[in-house]
Amino acid sequence: MNTFVLGNEVAIRLGFFFGIFFIMALWEGIAPRRPLSQSKKTRWFVNIGITILNTAILRLVFSAGAVGTALIAQSRGWSIFHLVDVPFGLEVVLSVLLLDLVIYLQHASFHFFPLLWRLHLMHHTDLDLDVTSGARFHPLEMLLSMVIKFGAVFILGTPALSVLIFEVVLNATSMFNHANVVIPKPIDRLLRLLIVTPDMHRVHHSVIIREHHSNFGFNLSWWDRILGTYRAQPKEGHLGMTLGLANYRRQDELGIFGILSVPFGKRAAGR
Ligand SMILES: [Zn+2]
Ligand SMILES: [Zn+2]
């Protein structure tokens with residue numbers, strides 16, 4: 001299975017990406033959680049434009065990608081999983097869990113270190129949230145995240161299969177937890193015991209500072225609960241809350257070039 005999965009990496013990635021995107025976009029059309037405050041066409045143009053730009057830059061800079069890094073690390077026999085004898089199945093599960101913890105810690109760091117916040121705040125300038133917000137990240141943040149992921153994969157020696165599983169799952173959950181969809185409260189409560197739901201991540205996009213510095217998880221909701229950064233609901237409620245950042249409210253400043261220049265502007269110094 002390992003060889004089959006890795007041999008069809010691109011098809012698997014694209015299949016999941018378009019499949020989940022289509023399902024979430026349809027769900028948003030049928031049962032939206034909040035009315036959108038901005039033109040969907042303009043926001044989608046910006047968010048999808050950024051997604052295409054990021055994909056091209058990452059391909060250009062890192063031809064091998066994280067799965068390639070895992071294959072290289074595996075063939076050289078470096079890293080922790082080569083030193084301890086763990087069954088392959090357990091190694092895959094542990095790797096996915098540990099990579100998720102790394103992403104949680106990385107996200108929290110992007111909020112707490114001012115220089116990193118300059119890069120990450122672009123993600124928070126979206127004035128609405130929907131399936132396309134899940135890929136709205138500054139290219140410099142994407143490059144830095146990739147380097148951190150390479151580091152984690154090298155040190156842990158995660159099997160290439162788990163890196164691919166993790167990346168596909170992260171991509172899918174990011175689209176899911178940014179989606180503007182209704183999930184009945186009892187189901188949300190149940191799902192939240194394991195994963196980050198759209199209601200949980202929406203708190204993270206609140207204009208209120210203490211709310212956007214909480215709920216850093218992307219896949220598992222456990223890290224926020226264990227490390228004390230969990231916030232169950234927004235103070236103003238999901239319909240009353242304001243999304244985005246207080247200093248970035250004008251949509252005419254939030255075009256593709258506008259948001260790409262956000263890290264270098266004076267306003268990015270504020271929290
Ligand atoms: Zn954030
Ligand atoms: Zn987000």
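His111 is buried, with a relative accessible area of 0%, where buried means under 20%, exposed over 50% and partly exposed in between, with a 1.4 Å probe and protein chains only. The model is a predicted one, in which local features need pLDDT of at least 70 and side-chain atom pairs count only at pLDDT 80 or more, while totals for chains, interfaces and linings use all residues, and side-chain values use heavy atoms, without hydrogens and water. Residues are numbered from 1 along each chain as its sequence is written, and chains are lettered from A and ligands numbered from 1 in the order in which they are written.

His111 (NE2) is among the atoms that coordinate the zinc ion (ligand 1), together with NE2 of His107, His120, His124 and His204, at 2.1 to 2.3 Å; donors are N, O and S atoms within 2.8 Å of the metal (3.2 Å for Na, K and Ca), and because water is not among the atoms, sites may look incomplete. These donors follow the spacing H-x3-H-x8-H-x3-H-x79-H along the chain, and the zinc ion (ligand 2) is 5.6 Å from the zinc ion (ligand 1).

| Residue | Relative accessible area | Class |
|---|---|---|
| His111 | 0% | buried |
| His120 | 1% | buried |
| Arg136 | 3% | buried |
| Ile80 | 41% | partly exposed |

A polar atom of the Arg136 side chain lies 3.3 Å from the backbone oxygen of Met122. Beyond its neighbours within four places in sequence, Arg136 is in contact (heavy atoms within 4.5 Å) with residues including Val46, Asn47, His123 and Ile259.

Terms used
A polar contact is a pair of N or O atoms within 3.5 Å; within protein, one must be able to donate a hydrogen and the other to accept it, and residues adjacent in sequence count only if both atoms are side-chain atoms.
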